[in-house]
Amino acid sequence: MSGLLALGVSHRTAPLALREQVALTEGRAAGVLSALVSEEPISEAAALSTCNRTELYLIATDSVEAEAAGLGVLAREAGIRPTELLGPLYSLRGAEAARHLYRVTAGLDSMIVGEAEIQGQVKRAYELALVEGATGPILNRMFRGALAAGQRARTETSVGEKGVSIPSVAVELAQRNLGDLSARQVLLIGAGETSELTARALAARGSDAVFIANRGYNRAISLAQRFGGSAVRIDELPAQLASADIVVSATNSPHHLIERSELEVIMGQREGKPLLLIDLAVPRDIDPDCREVEGVSLYDVDVVQQIVE
């Protein structure tokens, strides 16, 4: 695999502020793949973006030129100079790059070792690259092998036996702050896998939730039915914030869904009732300045990492 190159930043090398700048939503990832394979030395490409990492996997005839092209694409997407990425960026080649993808897919390089979400995220990244026509025989074989190995790691070893995930740690954080959650009103913003895992962790503690989705409202209804909650539309967010005790947000939105100015007005309606916000999204769904609002406690994925450690 002498033509294989992996470039990326992760929770091990970059703070949240930088990770959210280079994070690739599905729409952005498709554009990045198109830009990469249009570069002369690059024949295959795949892009993996999660709350913990953004990585490019490339097959190229010239690794030096491909690395420069990948760095340039990431910097352009982030709106920063390429030199600002040089410190946090890691570059792996050949067998080392393949080994890294296998470790990532098995959950061995995750914030929480063995967490299960990453396997689905790798699969979706590979499927997007397939749909965009960006992969070829080498990346196809490597990603399929990594997904198979990740599945074997979870079925043949004890790496994931505790069932710990970022959402489950987020719920543990809420319980540490508020005690018994069964009587608390919980709002989940988003209807993806992270919200589903959060709902499962809440259900294990006797709590249900209100689901709210800016896309995929039917998915929110489905989750609500499965976990005994209810579903509302995104335009009802202010009213839900006015009554919630806990908010866990995990969407793919490219911009903030909760701004400080809006939250200040809402907190004024709550008569001193505190609000716990947990933002698991990258890019962040909740304006970081919201932690300055009186009565608000705001935690993001980097705080979750500190709890894990």
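Is R205 buried, partly exposed or exposed? R205 is partly exposed, because its relative accessible area of 26% falls between the limits of 20% and 50%. The model described here is predicted.

## Salt bridges

The count of salt bridges comes to 19. R205 pairs with E172, and their closest N and O atoms are 3.2 Å apart. This pair links distant parts of the chain, with R205 in the loop between α8 and β6 (210-213) and E172 in helix α7 (residues 166-178), 33 residues apart. E172 is also partly exposed, at 30% relative accessibility.

A salt bridge joins R226 to E196, with 2.8 Å between the closest N and O atoms. R226 belongs to helix α9 (residues 217-227) and E196 to helix α8, so the pair ties together parts 30 residues apart in sequence. E196 is buried, with a relative accessible area of 15%, whereas R226 is partly exposed at 45%. Elsewhere, R12, R53, E55 and D109 are linked in a network of salt bridges.

## Strands β2 and β3

Strand β2 (residues 42-49) is largely enclosed by the rest of the structure, because six of its eight residues are buried. Seven bridges join β2 to strand β3 (residues 53-60), and the two run antiparallel. They form a hairpin with three residues between them. Within this pairing, A47 stands opposite L56 in β3.

## The largest pocket

The largest pocket has a volume of about 1100 Å³. Its lining consists of 43 residues, with S49, Q121, R124, T251 and N252 nearest the centre. The largest share of the lining, six residues, comes from α5. By type, the lining residues are 19 nonpolar, 16 polar and eight charged.

Methods
Residues are numbered from 1 along each chain as its sequence is written. This is a predicted model: local features need pLDDT of at least 70, side-chain atom pairs count only at pLDDT 80 or more; totals for chains, interfaces and linings use all residues. Side-chain values use heavy atoms; hydrogens and water are left out. Buried means under 20% relative accessible area, exposed over 50%, partly exposed in between (1.4 Å probe, protein chains only). Helices (H or I, at least four residues) and strands (E, at least two) are DSSP runs, numbered from the N terminus. Two strands pair if DSSP finds at least two bridges between them. On a 1 Å grid over the protein atoms alone, a cavity is a set of points where a 1.4 Å probe fits but cannot get out, and a pocket is an open set with protein on both sides within 12 Å along at least five of seven lines; lining residues have an atom within 4 Å of a point. Grid points are joined across faces, edges and corners, and a volume is the space filled by probe spheres set on the points. Ala, Val, Leu, Ile, Met, Phe, Trp, Tyr, Cys and Pro count as nonpolar, Asp, Glu, Lys and Arg as charged, and the others, Gly among them, as polar. A salt bridge is a side-chain nitrogen of Lys or Arg within 4 Å of a carboxyl oxygen of Asp or Glu.
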